[in-house]
Amino acid sequence: MTIAIGDKLPDVKLIKATESGPEPVQSADFFAGRKVALFSVPGAFTPTCSAKHLPGFVDKAADLKASGIDEIACTAVNDAFVMGAWGKASGSSDVTMLSDGNGDFVKAIDLVMDGTGFGMGHRGKRFSMVVNDGVVEQLNVEAPGAFEVSSADYMLGQL
């Protein structure tokens, strides 16, 4: 069943991209006790993700934090090395890059995208959510091929 507003996020292992290399983190620990703006992209370095989605959260980081967000995180079904490189390339020190390399997180919340027709395998759908102490407060899932409701600007309007 797809995650919904009011649901607690499942506890799965993600990999945090850090300066010293990949660092395992349990999602329950990562989201505990704070308000997190989480957004998911189908893939690092892909066109819409690199030109609009990530840059929007980088540009609006101060506004999101001024609106009560403690941390901004990006996840994708890519490995931690790719997520780390994408974070460095985008200048996104305000965005924590979380690798969902095996797709465990998107499977657990039932937001998997089938990209096999494009040679991408199974990825996460494009979405954003506000998570408060592990509970989903806002959830914005894009229609296939769209970029309308998962942007930083849209999220700011919800805060």
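Reader: Does Val41 count as buried or exposed?

Author: This is a predicted model in which local features need pLDDT of at least 70 and side-chain atom pairs pLDDT 80 or more, whereas totals for chains, interfaces and linings use all residues. Residues are numbered from 1 along each chain as its sequence is written, and side-chain values use heavy atoms, without hydrogens and water. Buried means under 20% relative accessible area, exposed over 50% and partly exposed in between (1.4 Å probe, protein chains only). Since Val41 has 0% relative accessibility, it counts as buried.

Reader: What distance separates the C-alpha atoms of Val41 and Arg123?

Author: Along the chain, Val41 and Arg123 are 82 residues apart. Between their C-alpha atoms the separation is 8.5 Å.

Reader: How are the rings of Phe30 and Phe31 arranged as a pair?

Author: Rings of Phe, Tyr and Trp (its six-membered ring) pair if their centres lie within 6.5 Å; planes under 30 degrees apart count as stacked, over 60 as edge-to-face and the rest as tilted. Three aromatic pairs are found in a search of the whole structure. For Phe30 and Phe31 the centres are 5.1 Å apart and the planes are at 80°, so the pair is edge-to-face.

Reader: What is the sequence separation of the parts tied together by Phe39 and Phe57?

Author: The ring centres of Phe39 and Phe57 are 4.1 Å apart with planes at 5°, so this pair is stacked. Phe39 is buried at 0% relative accessibility, and Phe57 is likewise buried at 0%. Because Phe39 lies in strand S3 (residues 35–40) and Phe57 in helix H2 (residues 47–59), the sequence separation of the parts they tie together is 18 residues.

Reader: With which side chain does that of Glu71 make a polar contact?

Author: Glu71 has its place in strand S4 (residues 71–76) and is buried, with a relative accessible area of 13%. A polar contact is a pair of N or O atoms within 3.5 Å; within protein, one must be able to donate a hydrogen and the other to accept it, and residues adjacent in sequence count only if both atoms are side-chain atoms. At 2.3 Å, the partner side chain of Glu71 is that of Thr96.

Reader: Within what arc do the buried residues of H4 fall?

Author: In helix H4 (residues 80–90) the buried residues are Ala80, Met83, Gly84, Trp86 and Gly87. They line one face of the helix, because, seen down its axis, they fall within an arc (that of the directions from the axis to the C-beta atoms) of 165°.

Reader: Which exposed residues does the face of H4 turned away from its buried side carry?

Author: An α-helix has 3.6 residues a turn, so residues three or four places apart point the same way. On the face of H4 turned away from its buried side, the exposed residues are Phe81, Lys88 and Ala89.

Reader: What is the phi of Asp133?

Author: Most residues other than glycine have a negative phi. Asp133 is placed in the loop between S8 and S9 and is partly exposed at 41% relative accessibility. Although Asp133 is not a glycine, its phi is positive, about 55°.

Reader: With which side chain does Asn140 make a polar contact?

Author: Asn140 lies in strand S9 and is buried, with a relative accessible area of 4%. At 2.8 Å, its side chain makes a polar contact with the side chain of Gln158.

Conventions: Helices (H or I, at least four residues) and strands (E, at least two) are DSSP runs, numbered from the N terminus.
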